Amino acid sequence: MNRYVRELRDRALATRLALGGRVHQYPEIQALRRFLAAFDVDCLFDVGANRGQYATMLRRDCGYRGLILSFEPNPDVFAQLERHAAGDRRWHVFNMALSDFDGTASFNIMAADQFSSLKTPSGTQDAIFTERNRIVKSVEMQCRRLDTMLPELIAEHGFRRPFLKMDTQGHDLSVCEGAGAALSSMTGVQTELAIRPIYQSGTGYRAMIEWLEQAGFVPSAFFANNKGHFPRLVEMDGLFANRTLVGD
């Protein structure tokens, strides 16, 4: 793409995001645009989809037109996700959680539903989260390992270059462990990195980065995943590339 055209496109994106109160998403969108195109991603696993905000961003802002498979355990939120995906034949949704086992588990629905998790809120979380990140009810939810689902999904959809995005509120490591050897088939991984964990037994950012590096993924980009809680950074997202795609 011509450098001047690209610059004009980037400026238009920044202006649109700023007008929509989404300027904090600019680094993520730019990183994903480049990553998904450069590595020819043809299937995106959207784990912890909530109402479909991430998938909508991919379509609207990142230019991604490939397959999206969204997983959301919260039954109330899932109904909204299902409606948002209804008009997109390349977007499929599943009312279940991905984890490190096949079975059922108690899923905690929080006062602010985007915090809902298989994990329990930490008793030492920052005060700003205390009211929003509290359990209002729990529901029994189906859980699946990604490695037991992957053959079924490949047989149905025929993808070859998948990407794994996780936003599971403290449970991302369990999702990765449930992928087993199939994790190596991912072109990349996007995960929440907790600087100040707000869930009991949640994985800290250093441990998660180290685990992914040992699993064969190298850092590609880091960005705050919210507008921030100045002056502290609470969470960020990490974008990691499969080492086989980037060499040494």
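Guide: Gladly, and let us begin with a salt bridge, meaning a side-chain nitrogen of Lys or Arg within 4 Å of a carboxyl oxygen of Asp or Glu. Here the side chains of E152 and R144 form one, at 3.0 Å from N to O. This is a predicted model, in which local features need pLDDT of at least 70 and side-chain atom pairs count only at pLDDT 80 or more, while totals for chains, interfaces and linings use all residues. Residues are numbered from 1 along each chain as its sequence is written, and side-chain values use heavy atoms, with hydrogens and water left out.

Visitor: Are E152 and R144 buried or exposed?

Guide: Buried means under 20% relative accessible area, exposed over 50%, and partly exposed in between, with a 1.4 Å probe and protein chains only. E152 is partly exposed, because its relative accessible area is 43%, whereas R144 has 15% and is therefore buried.

Visitor: How many salt bridges are there by this rule?

Guide: The count comes to 10. One of them joins D61 to R22, with the closest N and O atoms 2.5 Å apart. That pair links distant parts of the chain, since D61 is in helix α3 and R22 is in the loop between α1 (3–19) and α2, 39 residues apart. Helices (H or I, at least four residues) and strands (E, at least two) are DSSP runs, numbered from the N terminus. D61 also meets R60 in a salt bridge of 3.7 Å, N to O. At 1% relative accessibility D61 is buried, while R60, at 49%, is partly exposed.

Visitor: Which residues are linked with R60 and D61 in a network of salt bridges?

Guide: The network holds R16, R22, R60 and D61.

Visitor: What about aromatic rings?

Guide: Rings of Phe, Tyr and Trp (its six-membered ring) pair if their centres lie within 6.5 Å; planes under 30 degrees apart count as stacked, over 60 as edge-to-face and the rest as tilted. By this rule there are 6 aromatic pairs. In one of them, F35 and F39 have ring centres 4.8 Å apart and planes at 65°, so the pair is edge-to-face. F35 also pairs edge-to-face with F163, at 5.5 Å centre to centre and 65° between the planes. Because F35 lies in helix α2 (residues 26–38) and F163 in strand β7 (residues 162–166), this pair ties together parts that are 128 residues apart in sequence. F35 is buried at 3% relative accessible area, and F163 is buried at 0%. Elsewhere, ring pairs link F45, F71, F94 and F159 into a cluster.

Visitor: How do I read a helix such as α4?

Guide: An α-helix has 3.6 residues a turn, so residues three or four places apart point the same way. In helix α4 (residues 75–85), the buried residues are V77, F78, L81 and A85. Seen down the axis of α4, these fall within an arc of 100° (taken from the directions from the helix axis to the C-beta atoms), so they line one face of the helix.

Visitor: What covers the buried residues of α4?

Guide: The cover includes β2 (67–71) and β3 (91–94), where contact means heavy atoms within 4.5 Å.
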